[in-house]
Amino acid sequence: MGHGFGSERPNMDVYEIFAIIAAIVGLLGSIVPGIPGPPVSWIGILLMYIGGHVGLNLMIWWGVITVIVTLLDYMAPIWSTRITGGHKAASTGAILGLIIGLIVPPVGMILGSLLGAFIGELFVTDKGVWAAFKAGLGAFLGFLLGTGLKLIACGLMAFYIVKAVIVA
């Protein structure tokens, strides 16, 4: 006889609990600097594999995707800043602006990143306001691309973790 939601499955195992925690922290890490979102989410997938809840192929593919997304997250702001003629200061400014913008998420994070990139470029180079704006925009777009990729990857890994918990 059931006692409501989840009554057919009374206990979660330790792998499932820590995998769900890893999925949540990974999603947060996709936005919050200093927490490597995709690698943390992948640890959740790894735990589900160790616990026998997902297959080897899924674990390996998500490991490969995690490495690719992590590399792209670091490379996207650099590439987009260079394409728009910017200096490393624009990328650094975008990251600092994001951190300061955490006070008022998500608008502060977006505006902080854009303004930080602009100010970083403006004060480090003598190229003028228009060049600083272009470089700042490039750094910001690269940051958005990297963040978007991390969110998608971590969201999908969280989906696989939750799906495996529900099906188990």
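**Entry 1: the surface.** How much accessible surface does the chain have, and what share of it belongs to carbon and sulfur atoms? I found about 9700 Å² for the accessible surface, with 78% of that belonging to carbon and sulfur atoms. A reminder to myself: this is a predicted model.

**Entry 2: the overall build.** I went through the secondary structure next and got six helices and zero strands. Read from the N terminus on, the order is α-α-α-α-α-α. The radius of gyration is 20 Å, well over the 15 Å that the globule rule gives for 168 residues, so the chain is more spread out than a compact globule. I also took the box that the C-alpha atoms fill along the principal axes, and it is roughly 75 × 30 × 15 Å.

**Entry 3: burial and contacts.** I asked what share of the 168 residues counts as buried. It is 38%. Then I looked at contacts between residues at least 6 apart in sequence, and 63% of these join residues at least 24 apart.

**Entry 4: a helix pair.** I picked helix α4 (residues 88–101) and helix α5 (residues 107–124). They pack at an angle of about 145 degrees, and their axes are 6 Å apart. The crossing of α4 past α5 is right-handed. On the α4 side I noted Ala89, Ala90, Gly93, Ala94, Gly97, Leu98 and Gly101. They meet a set of α5 residues, among them Gly108, Gly112, Gly116, Gly120 and Glu121. By kind, the residues of this contact divide into seven nonpolar, eight polar and one charged.

**Entry 5: glycine 116.** I stayed in helix α5, where glycine 116 is found. Is this glycine buried or exposed? Its relative accessibility is 13%, and buried means under 20%, so glycine 116 counts as buried. Leaving aside neighbours within four places in sequence, glycine 116 is in contact with Gly93, Ala94 and Gly97. I also checked a distance: glycine 116 and tyrosine 49 are 67 residues apart in sequence, and their C-alpha atoms are 41 Å apart in space.

**Entry 6: glutamate 121.** Glutamate 121 has its place in helix α5 as well. I wanted to know what its relative accessible area is. The value is 0%, so glutamate 121 is buried. Which residues does glutamate 121 contact, once neighbours within four places in sequence are left aside? I listed Gly85, Gly86, His87, Ala89, Ala90, Lys127, Ala131, Ala132 and Ala135.

Methods:
Residues numbered from 1 in each chain as written. Predicted model: local features only at pLDDT ≥ 70, side-chain atom pairs only at ≥ 80, totals over all residues. Heavy atoms only, no water. Axes fitted to C-alpha atoms, helices over the stretch in contact; angles between N-to-C directions. Helix = DSSP H or I, 4+ residues; strand = E, 2+ residues; numbered from the N terminus. Left-handed = near helix turned anticlockwise from the far one by under 90°. Contact = heavy atoms within 4.5 Å. Nonpolar A, V, L, I, M, F, W, Y, C, P; charged D, E, K, R; others polar. Rg over C-alpha atoms; globule rule 2.2 N^0.38 Å. Buried < 20%, exposed > 50% of the residue type's maximum accessible area, 1.4 Å probe, protein only. Areas by Shrake-Rupley, 256 points an atom, 1.4 Å probe, with all protein chains shown as cover.
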